[in-house]
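Reader: Could you take one part of this structure and walk me through it closely? I'd like to hear how its residues sit and what surrounds them.

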Amino acid sequence: MRSMLALMAACWFGCAPAAELHAYTEDVPPLNYLDNGSVKGYSTEVLQLVAREAGLNLTIEVLPWLRAYAKARDTPGGLLYTVVRTPEREAQFQWVGPIGSRRIYMYRLDKRADIRVDAASDLVRYRNGVLAGSASANQLHALGLQSGQNLDLGQSDAVNLKKLLLKRVDLVAMLDWAMAWQMRQQRLPEKNVSPVWLLDGKLQYWFALNPQTPPEQTARLQAALERVRADGRLQAIRRRYRDD
């Protein structure tokens, strides 16, 4: 009888289904994006590897940023990526990372030599495009820029770049390797745009988990990330998306 109970217990723990991780992201290549119905990108590959390493079942859904943010915050087992960890967001999630560096520049068209930014305060003189709901939008708000005046909130980097090309905005805030990606998609030389101000180079990218996530699950993901960082697999993924 005892041997039977031991066998049943072993089967229960050994055969129990893996925990479910429901990830929500936006379309911001090359970090995370849809390609013929498949979710790809640097952060996507890292998340898939880390979840597999941690023994967690993973589903990914691409949504507009504000919807993805709300779904991850309100859904048990929810995870949001790719996220900048800021003091304002700290208590809203549990965190796993960092997974990568982040440099956000203000870009102008190279031929717009009339646009000059020598200090952050100079940005108020121009119409600035930025992704709605992003950390960059919050930073520009904090500098005194106002929506509908000198701040234009767009729904994607692609939309913001088109506004810049059409001169509907003077500057756009964008991740450096996202700008390079978007210019390639437009089949335009990267030299057609110029970074004129480093808006933020201090923060990093993270995975953000629903606040009700069991702490042991968060710890498993963090440990898995540290393993793939230590053995070089994280760097191998990064090299496929950028060379610096």
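Author: Here is a walk through helix 5 and then some salt bridges. This is a predicted model, where local features need pLDDT of at least 70 and side-chain atom pairs count only at pLDDT 80 or more, while totals for chains, interfaces and linings use all residues. Residues are numbered from 1 along each chain as its sequence is written, and side-chain values use heavy atoms, with hydrogens and water left out.

Helix 5 spans residues 157–165; helices (H or I, at least four residues) and strands (E, at least two) are DSSP runs, numbered from the N terminus. D157, N160, L161, K163 and L164 are buried there (under 20% relative accessible area, with exposed over 50% and partly exposed in between; 1.4 Å probe, protein chains only). Those residues cover an arc of only 155° around the axis, so they lie on the same side of helix 5; the arc is that of the directions from the helix axis to the C-beta atoms. The partners they pack against include strand 7 (104–109), strand 10 (171–175) and helix 6 (176–185), contact being heavy atoms within 4.5 Å.

In the loop between helix 5 and strand 10 sits D170, which makes a salt bridge to R112 at 3.4 Å, N to O (a side-chain nitrogen of Lys or Arg within 4 Å of a carboxyl oxygen of Asp or Glu). R112 lies in the loop between strand 7 and strand 8, 58 residues apart from D170, and both residues are buried. The whole structure has 17 salt bridges.
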